[in-house]
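I opened this entry to keep track of what I looked up.

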Amino acid sequence: MKTATPRSGCKVRKARLCDAGEIHTLMQPFVAQGVLLQRGLAYLCENIRDFLVIEDGNHRIVAAGALHFLDEDLAELQSLAVLAARQKSGLGRRLVKALLAEARRHRIWKVFALSHAPEFFTALGFTVTDIGRLPRKYMRDCVHCPKLRGCHQVAVIRDVFDGRNRPAAPAWDNASPGEPYSNSGPAAMTLAAGLSLPVLR
Ligand SMILES: CC(C)(COP(=O)(O)OP(=O)(O)OC[C@H]1O[C@@H](n2cnc3c(N)ncnc32)[C@H](O)[C@@H]1OP(=O)(O)O)[C@@H](O)C(=O)NCCC(=O)NCCS
């Protein structure tokens, strides 16, 4: 991946394994505020290839975020954090754009996030959706989350490709409103609430 250096001297690059500790430290204030999920150092090491970081001119990491593949054509933006002192200067937007470029490279069709800051994402072309349309996410992570009952995260989603660059749509993208965003095949189970969930592979 090409790195981009803006006028501020900051550049976006892929994370390296040795960045895991700094990313962990960067996330902690937001974990304490309850706006980011805790990710242990071991998790960050195992998943470091998901992460992009922005480093300043002194090679200090000032922002980080991950693109986590969830399905053949669906990915989640996770652990997006900008150092408090560097917020509101465009770094978050740059990071999301770089993560979307990464998604395009992998021919990911849709990207979603669960966030306490949905307005930040809607300004970047995301729309608010229902977690019920992300059953794979719900069954894999949400049901195990200690905050499930009091969760205030809002699900936001957007197409990765727009206009002319759009590759052929996967069949599931023709789903009616309310159907899941998922390419998980025909096998499905139904919850008491009426939510139709794919069988997890
Ligand atoms: C959310 C976050 C990543 C935004 O990063 P940032 O670098 O401050 O954002 P930017 O400067 O790129 O802002 C881009 C736009 O979003 C807006 N914005 C930034 N943070 C916002 C928030 N929390 N809520 C709503 N809008 C927000 C900005 O005002 C700006 O709008 P403008 O272009 O009209 O001025 C950052 O505030 C952060 O790390 N928050 C704590 C962790 C978190 O909530 N992560 C997201 C959940 S995955």
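This is a predicted model: local features need pLDDT of at least 70, side-chain atom pairs count only at pLDDT 80 or more; totals for chains, interfaces and linings use all residues.

**Ligand contacts**

I went on to V82. A polar backbone atom of V82 is 2.8 Å from an oxygen atom of the ligand. I then checked the cover. On its own the ligand has 890 Å² of accessible area, and the protein covers 74% of it.

**The shell**

I listed the residues around the ligand and got 16. Those that come nearest are L80, K88, G90, G92 and R93. By type, I sorted the shell into eight nonpolar, five polar and three charged residues. Which elements give two or more residues to this shell? I noted β4 (74-82), α3 (91-105) and α4 (118-122).

**A84**

Is A84 buried or exposed? A84 has a relative accessible area of 57%, so I put it down as exposed.

**Aromatic rings**

Next I searched the whole structure for aromatic pairs and found two. I logged F120 with F121: the ring centres are 5.1 Å apart and the planes stand at 75 degrees, so this pair is edge-to-face. The cut-off I used for that call is an angle over 60 degrees. The other pair is F121 with F126. Its centres are 5.3 Å apart and its planes are at 75 degrees, so I logged edge-to-face again. Taken together, the ring pairs join F120, F121 and F126 into a cluster.

How exposed is F120? I read 30% relative accessibility, so F120 counts as partly exposed. For F121 I read a relative accessible area of 5%, so F121 is buried. F126 is buried too.

**A charge over a ring**

What does the charged end of R39 sit over? I found the ring of Y43 there, with its centre 4.6 Å from that charged end.

Technical notes: Residues are numbered from 1 along each chain as its sequence is written. Side-chain values use heavy atoms; hydrogens and water are left out. Rings of Phe, Tyr and Trp (its six-membered ring) pair if their centres lie within 6.5 Å; planes under 30 degrees apart count as stacked, over 60 as edge-to-face and the rest as tilted. Buried means under 20% relative accessible area, exposed over 50%, partly exposed in between (1.4 Å probe, protein chains only). A charge sits over a ring if NZ of Lys or CZ of Arg is within 6 Å of the ring centre and within 35 degrees of the ring normal. A residue is near a molecule or strand if one of its heavy atoms lies within 4 Å of it. A polar contact is a pair of N or O atoms within 3.5 Å; within protein, one must be able to donate a hydrogen and the other to accept it, and residues adjacent in sequence count only if both atoms are side-chain atoms. Accessible areas come from the Shrake-Rupley method with a 1.4 Å probe; for residues, only the protein chains shown count as cover. Helices (H or I, at least four residues) and strands (E, at least two) are DSSP runs, numbered from the N terminus. Ala, Val, Leu, Ile, Met, Phe, Trp, Tyr, Cys and Pro count as nonpolar, Asp, Glu, Lys and Arg as charged, and the others, Gly among them, as polar.
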